[in-house]
Amino acid sequence: MDLNIIWFILLGVLIIGYAVLDGFDLGIGTLFFTLGKTKEEKKTLINSIGPVWDGNEVWLLTAGGALFAAFPFVYATVFSGFYLAMLLVLFGLIFRAIAVEYYFKTEDDPHLQN
């Protein structure tokens, strides 16, 4: 088996791992206000992804690093061609992390008032 094929399979595993594992976090975020009617239910939803949501982003970062290591020309083309899209994904990941960390730190949350 050629080294390029091994790297290609590794990149596929990393991207699929991110899509599957982070899909759980994105699903909780999408259904957060539908499933969480009370403050306790919302806290349970956030706590269900709490231990793993940070680690799921590592799959995506590792895939980017592996792409740079294995196929630098592809990395340069993808990251320069989709610069705006990559920045939007990066800011989305940052803002999601901030939202999860600071959701329960507010005293008067308008979404929790019934």
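Biologist: What is the handedness of the crossing of H1 and H4?

Modeller: The crossing of H1 and H4 is left-handed. Note that this is a predicted model.

Biologist: Why are H1 and H4 called roughly antiparallel?

Modeller: Helix H1 (residues 3-30) and helix H4 (residues 53-70) pack at about 160°. Angles over 145 degrees count as roughly antiparallel. H1 and H4 are therefore roughly antiparallel to each other. Their axes are 9 Å apart.

Biologist: Which residues of H1 meet H4?

Modeller: Among them are Trp 7, Leu 11, Leu 14, Tyr 18 and Asp 25. From H4, the partners include Trp 53, Asn 56, Trp 59, Ala 63 and Ala 70. The contact residues divide into 15 nonpolar, three polar and three charged.

Biologist: What makes up the largest nonpolar core?

Modeller: Nine residues: Ile 28, Phe 32, Leu 45, Ile 46, Ile 49, Trp 53, Ala 97, Val 100 and Tyr 103. Helix H3 (39-49) and helix H6 (83-102) are the elements that give two or more residues to this core. H3 supplies the largest share, three residues. A second, separate core has seven residues, including Leu 14, Ala 63, Ala 66 and Ala 70.

Biologist: Why is Ala 85 called partly exposed?

Modeller: Its relative accessible area is 40%. Buried means under 20% and exposed means over 50%, with partly exposed in between, so Ala 85 is partly exposed.

Biologist: Where is Ala 85 found, and how many residues separate Ala 85 from Asn 4?

Modeller: Ala 85 is found in helix H6. Ala 85 and Asn 4 are 81 residues apart in sequence. In space they are 27 Å apart, C-alpha to C-alpha.

Note on methods. Residues are numbered from 1 along each chain as its sequence is written. This is a predicted model: local features need pLDDT of at least 70, side-chain atom pairs count only at pLDDT 80 or more; totals for chains, interfaces and linings use all residues. Side-chain values use heavy atoms; hydrogens and water are left out. A nonpolar core is a set of buried Ala, Val, Leu, Ile, Met, Phe, Trp, Tyr and Cys residues joined through side-chain atoms within 4.5 Å. Buried means under 20% relative accessible area, exposed over 50%, partly exposed in between (1.4 Å probe, protein chains only). Helices (H or I, at least four residues) and strands (E, at least two) are DSSP runs, numbered from the N terminus. Axes are lines fitted to C-alpha atoms, for helices over the stretch in contact, and angles run from 0 to 180 degrees between N-to-C directions. Angles under 35 degrees count as roughly parallel, over 145 as roughly antiparallel, 65 to 115 as roughly perpendicular and the rest as oblique. A crossing is left-handed if the near helix is turned anticlockwise from the far one by less than a right angle, and right-handed if clockwise. Contact means heavy atoms within 4.5 Å. Ala, Val, Leu, Ile, Met, Phe, Trp, Tyr, Cys and Pro count as nonpolar, Asp, Glu, Lys and Arg as charged, and the others, Gly among them, as polar.
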